[in-house]
Amino acid sequence: MLLCVSASHKTATFDLLERLSIHTTRIAPVIAAHDECVQGAVVLSTCNRFEAYVEMDEPVTSASTVGREAALLAIQSATGVRPEELTGSYEIITGDAVAEHLFSVASGLESVVVGEGEIAGQVRRALIEARADGTTSPELERLFQRASEAQRDVKNATALGRAGRSLVRLGLDLASSRFPDWTRLRVLLVGTGAYAAATLAALRDRGVTDLTVHSPSGRGEKFARKHGIGWADADAYPAAARMSDLVITCTTSEHHVLDAALLGGGATDPVDRSDTQETGRRLVIDLGLPRNVSPDVATVPFTELLDLETIRLHAPLEELQATDAARALVQDAARRFTVRGERRTVAPAVVALRSHVFEILESEIERARLKGDDGRTERALRHFVGRLLHLPTARAHELADAGRAEAYLDALETLLGIRVDAVDADLEADERDDLAG
């Protein structure tokens, strides 16, 4: 059984999400080691979402409870957030609904800004990280691979990606009212990761040319050379921040990289900014989670702070036509995922039935040969068995598609004594082809 423990901007505060984003250890391995009935775990952690996807051993009657306990205790171990602190701030998704949820997440339908593109890469990286930790399972692999396929289908077939905007671009849109002429801005970018590259591209689209980067981790010079912009080392960073019209932070640092003291905060601003736009006003956009910027920055004269929570409040309304089309595609992809999963469940049963019948068939053919059969009896028996197996095979697929695979397994055990204990996820290709016929 698949299970998802999900805390997102829809269920939790940004303060709580910020705490969940600070990991002292990898969480998926802790979940996977919780109980022998946990088959695998993949953790998706973004700036506005924390989700643990867990596969549980199906026969466990309390699988949902055990899976939730594994995730919550692992969260406490890695982040210090106690289960009782999470009460009311997360939801549990189980069974077939897990696929539709993840496919929606991967497609950007559940993001702060509907249609934002960054989440697709984050979903892929979550699977890669789980593989590196050895915590994936066949069903979780299939789930996350199909999620990426669903995301691509939504992107290619709908206008959702064009309708939605990334957090970076939305933040810049909100800044437009402060800066009528982007070409005159002095901009400082703090961070060199994927968000930094996206931010740089968005700034250049608006005509910004005076760009400087600073990296708390020491990668600023390399990033600056690659992109042809200025670079501020640790010594030059405070002055660069004070002289900038716009400061954008997007690092994974667990500590504040910008505060009032660094900007020269106090009763007055000691830096002469009379030649800048808007009578020397400065805007700081904090795209980091954990927060990169101390809240006291907002107390610095002539300085405004725009953080993720504020950006979220200004997220545009969903463009219903694009969103409805995207959700229809996601629901169809989730349905197909479930159907294929059910067919995988009955496939070993069909193989077992055919093996049982063909074993009897070969025995009867051998008896006929010993009695001098010229081949006609053998041909008749093989034709008869083919006709006999056609309907049970077709019914297996029909019941699987209807979500009633267990009824087929029970019937085989009751009528023929054929017991199938587990799904063989590695059926040979020729067996799958045989089943399709």
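**Notebook: cavity, sheet, helix pair**

I sorted the lining of the largest cavity by class and got three nonpolar, one polar and four charged residues. The model is a predicted one. I then listed the lining by name: Phe14, Asp286, Gly288, Leu289, Arg291, Asp307, Leu308 and Glu309. For the volume of this largest cavity I noted about 40 Å³.

I found six strands forming an open sheet with parallel pairing, in the order 7-6-5-8-9-10. Between strand 9 (residues 282–286) and strand 10, which run parallel, I counted five bridges. Opposite arginine 282 I found threonine 303 of strand 10. I also checked what packs on the sheet: helix 10 (residues 194–205) does, touching strand 5 (186–190), strand 6 (210–214) and strand 8 (246–249). The direction of helix 10 makes about 165° with that of strand 5.

Last, I took up a helix pair. The axes of helix 5 (residues 97–106) and helix 6 (residues 118–133) come within 8 Å, and I noted a crossing at roughly 130°. Helix 5 is therefore oblique to helix 6. On the helix 5 side I listed Leu102, Val105 and Ala106 as making the contact, and on the helix 6 side Ile119, Ala120 and Val123. Sorted by class, this contact has six nonpolar residues, no polar and no charged ones.

How values were computed: Residues numbered from 1 in each chain as written. Predicted model: local features only at pLDDT ≥ 70, side-chain atom pairs only at ≥ 80, totals over all residues. Heavy atoms only, no water. Axes fitted to C-alpha atoms, helices over the stretch in contact; angles between N-to-C directions. Helix = DSSP H or I, 4+ residues; strand = E, 2+ residues; numbered from the N terminus. Parallel < 35°, antiparallel > 145°, perpendicular 65-115°, else oblique. Contact = heavy atoms within 4.5 Å. Nonpolar A, V, L, I, M, F, W, Y, C, P; charged D, E, K, R; others polar. 1 Å grid on protein atoms, 1.4 Å probe; cavity = no way out; pocket = protein on both sides within 12 Å on 5 of 7 lines; lining within 4 Å. Points joined across faces, edges and corners; volume = space filled by probe spheres on them. Pairing = 2+ DSSP bridges.
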